[in-house]
Amino acid sequence: MKCNDIQHKFTGFLDKSLTEVANSEIKKHLKSCTNCNQELEELKSFLAVLDSQEMETPSANLRSNFNKMLAQEIETVTPKVIQLKLQQDWKSYLKIAASIVIIIGAFLFGKHQSNIPQIVSIKNENQEEVLALLENSSASKRILGVSDAEEFTKKDTKIIEALINRLFFDKNANVRLAAAETLSKFSSEIIVRDALIKSLETDENSTVQIELIRILAKIQEKRAIESMQKLLKNEETPQFVKQQVELNLPNLL
């Protein structure tokens, strides 16, 4: 096994979630590889720093207001059902077409129905694992959860809500930063765009601010213009954050 393959399994190795075979392979490799030993020690140090920071518990009012905002956004983005009025002359043709579709659909459903429960079960299991990691008391585990959430290439409301929750309420700036980066992949959702803008208005960490500015400019979110202009006018905004705004703001104007 090559060094890259070994190093990709270090998180699971430290988390003791690998199989005995995989653990043995890593231990065997570490006995003869100085480079991988160094990588492992650096990862341990990094995770130790993250774990040393306590998770912030938001006030009841803050969480209540956020949940209300989230519920309103979800209600707003619910797709409307449009009733189509069919022409009288097409009815007979549509009945024939519908019959053909039903027959083909029944055949395909019968062919694949044995696989569906297994696929759904695996998806739900992965979702529960990611959600559990995102709520873990360890910052390193929460970052691992954010990283795993990237595998959900399609919209998953529970995953997105959990990521937004990390973006707003996580005390650890590295977790908020990772959550922002992952959420940018779901920027087609209006609730995600709203969360990114709101976070830019409320997060006081300059590293997170810079990443949010970069993301909002990249996804061409023009509603962020006002928030960026406020950062420019604010005397307490660090100069390097203002420079990032000046660099990206023209792309939105």
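Reply: Let us begin with burial. Of the 253 residues in the protein, 35% are buried, where buried means under 20% relative accessible area, exposed over 50%, and partly exposed in between (1.4 Å probe, protein chains only). The model is predicted: local features need pLDDT of at least 70, side-chain atom pairs count only at pLDDT 80 or more, and totals for chains, interfaces and linings use all residues. Residues are numbered from 1 along each chain as its sequence is written, and side-chain values use heavy atoms, with hydrogens and water left out.

Me: How many helices and how many strands does the protein have?

Reply: Helices (H or I, at least four residues) and strands (E, at least two) are DSSP runs, numbered from the N terminus. Here there are 14 helices and 0 strands.

Me: What share of the contacts joins residues at least 24 apart?

Reply: A contact means heavy atoms within 4.5 Å. Among contacts between residues at least 6 apart in sequence, 64% join residues at least 24 apart.

Me: At what angle do helix α9 and helix α11 pack?

Reply: Axes are lines fitted to C-alpha atoms, for helices over the stretch in contact, and angles run from 0 to 180 degrees between N-to-C directions. Helix α9 (residues 157–169) and helix α11 (residues 190–202) pack at about 5°, with their axes 10 Å apart. The two helices are therefore roughly parallel to each other; angles under 35 degrees count as roughly parallel, over 145 as roughly antiparallel, 65 to 115 as roughly perpendicular and the rest as oblique.

Me: Which residues make the contact of α9 with α11?

Reply: From α9 come Ile160, Ile164, Leu167 and Phe168, and from α11 come Ile191, Val192, Ala195, Leu196, Lys198, Ser199 and Thr202. They divide into 8 nonpolar, 2 polar and 1 charged; Ala, Val, Leu, Ile, Met, Phe, Trp, Tyr, Cys and Pro count as nonpolar, Asp, Glu, Lys and Arg as charged, and the others, Gly among them, as polar.

Me: Is Ile160 buried or exposed?

Reply: Ile160, found in helix α9, counts as buried at 3% relative accessibility. The C-alpha atoms of Ile160 and Leu183 are separated by 7.2 Å, although these residues lie 23 apart along the chain.

Me: How do the axes of α12 and α14 cross?

Reply: The axes of helix α12 (residues 206–218) and helix α14 (residues 239–248) come within 10 Å and cross at roughly 0°. That makes α12 roughly parallel to α14. In this contact, Ser206, Gln209, Ile210, Ile213, Arg214 and Ala217 of α12 meet Phe240, Val241, Gln244, Val245 and Asn248 of α14. The residues divide into 6 nonpolar, 4 polar and 1 charged.

Me: What is the angle between α13 and α14?

Reply: Helix α13 (residues 225–233) packs against α14 at about 140°, with the axes 9 Å apart. That makes α13 oblique to α14. Met228, Leu231 and Leu232 of α13 meet Lys242, Val245 and Glu246 of α14. This contact has 4 nonpolar, no polar and 2 charged residues.

Me: Where is Gln220 placed, and what is its phi?

Reply: Gln220 is in the loop between α12 and α13. The phi of Gln220 is near 55°, a positive value in a residue other than glycine. With a relative accessible area of 40%, Gln220 is partly exposed.
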